[in-house]
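Here is a friendly walk through a structure, starting with the chains and ending with a single residue. Keep the viewer open as you read.

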Amino acid sequence: MTKLNRREMAEKTEKDLAHKVLDDIKAPKDLGLLRCVQCGLCTSVCPASRHSEYDAREIIKRVLDNDETIIEDEVIWNCFYCYTCHSVCPVGNSVCHVNQILREMAIQKDVGKKQIESFMSFADSYLEEGLGVIPQEYQGQLKIDYGKHWENLQENLQEVREDLGLDSMYLLPEAKETVDKTLEAIGFKKRVQEIKDVRNRK
Amino acid sequence: MSQKNRIGVFLCHCGGNISDYVNLEEIEEKLSENEEICSIKHHENLCSLEGRNIIKDQILRENLDRVVISACSKITHGATFEKYIKPLNPYLYEMPNVREQCSWVTNDTGKATKKALSLINSAIESVKYNEPLKKIPTTVKDSVLVIGAGISGITTANSLAKQGMKVTLIEKRPAVGGAMIQVGKVFTPDKMSEDCAACLLNPVIDEMVHNENITLLTNTVLERSTRNSGNFDVILRKKPEYVNPEKCTSCGNCTHACPTFAPDEWNEGLNSRKAIYKPFPQAVPSTYTLDDEACIKCGACINVCPTNAIHLDAIDEIISLTVGSVVIATGHQRFDTSKRPEYGHSFYEDVVSQMQLARLMGVNGPTDGHLQVPSTGKVPRRVVMIQCVGSRDQMPDAHKYCSKVCCMVALKNANLIHSHYPDTEVIICYTDIRTPGVYEKYYKYVQDNGIQLIRGRPGEITREDDHMLVRIEDTITHTKQEIPTDLVVLSAALESSEGTIDAAKTLGVPLTEDKFVKEKHPKMQPVSTDIEGIFVCGTAQGPKDITDSIIQANTAATKISELVNGGLEVEPFIATINVKKCVLCGTCIDNCRYQALTMNKHSVRVGPIACTGCGDCIITCPEEAISIQGQSDEKLEASIAGLLKDKPDDEQIIIAFLDDIGNVSANNMGINRVACPSSIRIINVPFINRVKYRHIKYALTHGADGVFLGEYPDTPKHNDIRENVKVMKKHLEEDGINPERLLIHSVFIPYFRGLANQFKEFDEELQVLSK
């Protein structure tokens, strides 16, 4: 039996989820979230909606219904940012933008940190070398996906670069130091640590 | 004003409404010092018949040549006193509003008396500049140009012609009837049936063809239009008449002989037609026509024509007309669905538009009325209709508005399919179904017939094996669905037609942001345009159905009839041009958005109906050759001088120039007894633009502490006015006057409390400034 939701006339004290999303720094200024009429065009074109429990329209519905449980719902992690919903929406809404904001809200909590912990090896290479290198643990799948040619490139990267007349891909010490300072200043390091703390706690 | 005036001043008590708050004895005493005032009289109620006798008696006895009546607002009793001052010319009086704008809004008798005296003095100074004027009788030529011969244009033409007017009805296409003749079937909500559109339209067309007051010109467009003293000189261009309609017997030999093909517009490009053709069997006029873009001039048709009716070297015809009014009935076109490529209209044969479906079902269509899937020629097993294609869509190139008719169109066509092919399943995919009024009954009827409705907007159509596949989420059941179907029908938005945009451009009529013809007022004046004498009806003004188009078409005819038959008399407050100063530069003509000014050989002429007396031309004229009759710059300056006459140094005075809306708002302040600072002295001007920098400077250098401009913002000149105020503030600075002493504010009739607050705030600010 579903519970009856009674809308009291009392003044709203707290901002509802939709306005929290709209006021988020990541939200485009003219995001059409409140103009959504639940037409479902987004869902009809969304690959994630087609192949999983994710439903683009439903995401917006729950945000508009002020259903904060969506932040902890695993389903928001099914979107892979193809932006198709964004490109077709007749009222200028963007489910993928809303999703990104919801994920950021989730990351403020443990539940979201767990979701992104598998990306930490990216962060590590960035912290160590100042480079966005593909971590070792992904190499196996990439070999399967891209085949021999890609494998060759990875193994002989140094020579290929030399052939092309390129310098070493590693940063000079002073550049590395600048990157390091920047990562410190913008809170990247702190954030990575927080995410790792959640992993280590369990 | 060298010679002395003989002015009479009449002070109305208004049964205590004025005399309880204003010391009229004191005013009389002050006024008696003015030697141009030959008579001062009081009365309890000047608007009474007794009052009338007093005024008339004094005018005759004292030989008065000007009259000032200190009483209520001109809106209340202006017309009364216009009559009471006979035998004086009705424009030789002024009415200082001592009731609404003084006694009712000022609590202190001393202050009220001072203010009343200054208002009366202003009227005395200003009335000296009043000229004896006459209302201008005007006539509008009883000939009308109607552009577009669809249901709207034909309806207007018929109505006008029946009222005795001469109508020229032009149509860009070779045949009349517009979208209605093409659509085949129309629904009738009260009968729950689909009726033959041509059967309903043909009697209307017949009436048009047989009415001697109507000249029909097909293949004709409006090329140019110039305003000429209230009339429109128009140039029409008629395509070459390759086939002589007098000789053509519609035998069709030419079409058989013609080797060239072109897409058939009548069938929305579903099939081809020849380069020489008849648009459709029932076309009016019933002549054959030649598409000169497709024709290769081989002459095959000439050889077979039994009546020698074809001339390939015909040239176009330029027609010149003068008409009194113009009706834009140029209709709509349908949204180009290729702008929504995800629906594949341009590359899937089995995706069609509602109009194409209508043609496929039309007995005079490419399949003789048999519904066939284009790729297979078979009856479809299922048809899926998609609503809101290009409507309710804020993507670039699409339209934000609802096209208003598509829900009904889809329901009609769905029901039509259902009744002819009961085995064919029809599904309508919708966002909202909009069937207002009795149309809702038709919607329920269609549902009862088993038409399925899915609440969802599909985003993708693909081809799968021998059929199409529509992907949609049923948002009610929350199920993601794939729907195989033989035919997909897109309900494309209605949008402004090319012809509408062209006509508006040629006529100088503004368009809305959606590119439809902009009405003078969308609610109150839905068929008038900003240009007096140009009207709009039907889908040229916005999406609407046949019934609404007909209503609007008849309304447009009525409005023209008012102009032609109403014996129009207009107020004389229009622009006049000083021919000695005018250098015929034409700046005023280019700037007049009402097209009221025209170049006439060696002078600029003002159209009395078109001119609104807005005074914009006064500002643009580099030679200062233009003035508004009865509202000269000098008169305005005299009003200011009067307000500031004998002003003590310690009294703060703000001159508030209010436009007509602002003036009514200020009157409402009085009617509702909302207090207003006694420093506020109102001068009513027709438009804020009428107040020049010289007036503002004069006021601020002759004792006024501040100048307030009250402007109704919902006018096309709003931005210009605001810009102009910025410029004037700069001038003030250059002249060493604090620009903060000039303030512009928006005014609205019901917003009188707001206006009172603005007055109060400005009054307080100025008190601080002056310290």
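The centres of domain 1 of chain A and domain 2 of chain A, taken over C-alpha atoms, are separated by 30 Å. Domain 1 covers 17–108 and domain 2 covers 115–201 of chain A; domain bounds come from an automatic or database domain assignment. Please keep in mind that this is a predicted model, in which local features need pLDDT of at least 70 and side-chain atom pairs count only at pLDDT 80 or more, while totals for chains, interfaces and linings use all residues. Residues are numbered from 1 along each chain as its sequence is written, and chains are lettered from A and ligands numbered from 1 in the order in which they are written.

For chain B, the assignment gives domain 1 (1–133), domain 2 (139–238 + 317–331 + 497–567), domain 3 (240–315), domain 4 (351–493), domain 5 (569–628) and domain 6 (647–771). Between the C-alpha centres of domain 3 and domain 6 of chain B there are 68 Å.

## Chain B as a whole

The C-alpha trace of chain B spans about 100 × 65 × 55 Å along its principal axes. Chain B has 22 helices and 38 strands; these are DSSP runs, numbered from the N terminus, with helices being H or I of at least four residues and strands E of at least two. Of the 771 residues in chain B, 48% are buried. Here, buried means that 20 or more other C-beta atoms lie within 10 Å of a residue's own, exposed means 12 or fewer, and partly exposed is in between, with C-beta atoms placed from the backbone.

## Where the chains touch

How many residues of chain B are in contact with chain A? There are 16, and they meet 15 residues of chain A; a contact has C-beta atoms, placed from the backbone, within 7 Å. Strand β25 (residues 467–474) of chain B supplies the largest share of the chain B side, three residues. By class, that side has three nonpolar, five polar and eight charged residues. Ala, Val, Leu, Ile, Met, Phe, Trp, Tyr, Cys and Pro count as nonpolar, Asp, Glu, Lys and Arg as charged, and the others, Gly among them, as polar.

## A parallel sheet

Four strands of chain B form an open sheet with parallel pairing, in the order β2-β1-β3-β4; two strands pair if DSSP finds at least two bridges between them. At the edges are β2 (37–43) and β4 (93–94) of chain B, each pairing on one side only. Strand β1 (residues 7–12) of chain B is joined to β2(B) by six bridges, and B:Ile7 has B:Ile37 as its bridge partner in β2(B).

Helix α2 (residues 49–61) of chain B lies across β1, β2 and β3 (66–70) of chain B and runs at about 170 degrees to β2(B). Axes are lines fitted to C-alpha atoms, for helices over the stretch in contact, and angles run from 0 to 180 degrees between N-to-C directions.

## A closer look at B:Val604

B:Val604 is found in strand β33 (residues 603–606) of chain B. Is B:Val604 buried or exposed? B:Val604 is buried, because 23 other C-beta atoms lie within 10 Å. Not counting residues up to four places away in sequence, B:Val604 touches B:Ile577, B:Cys582, B:Leu584, B:Cys588, B:Ile589, B:Leu597 and B:Met599. By contrast, B:Thr555 is 49 residues from B:Val604 in sequence and 33 Å away in space, C-alpha to C-alpha.

Definitions and conventions:
Contact = placed C-beta atoms within 7 Å.
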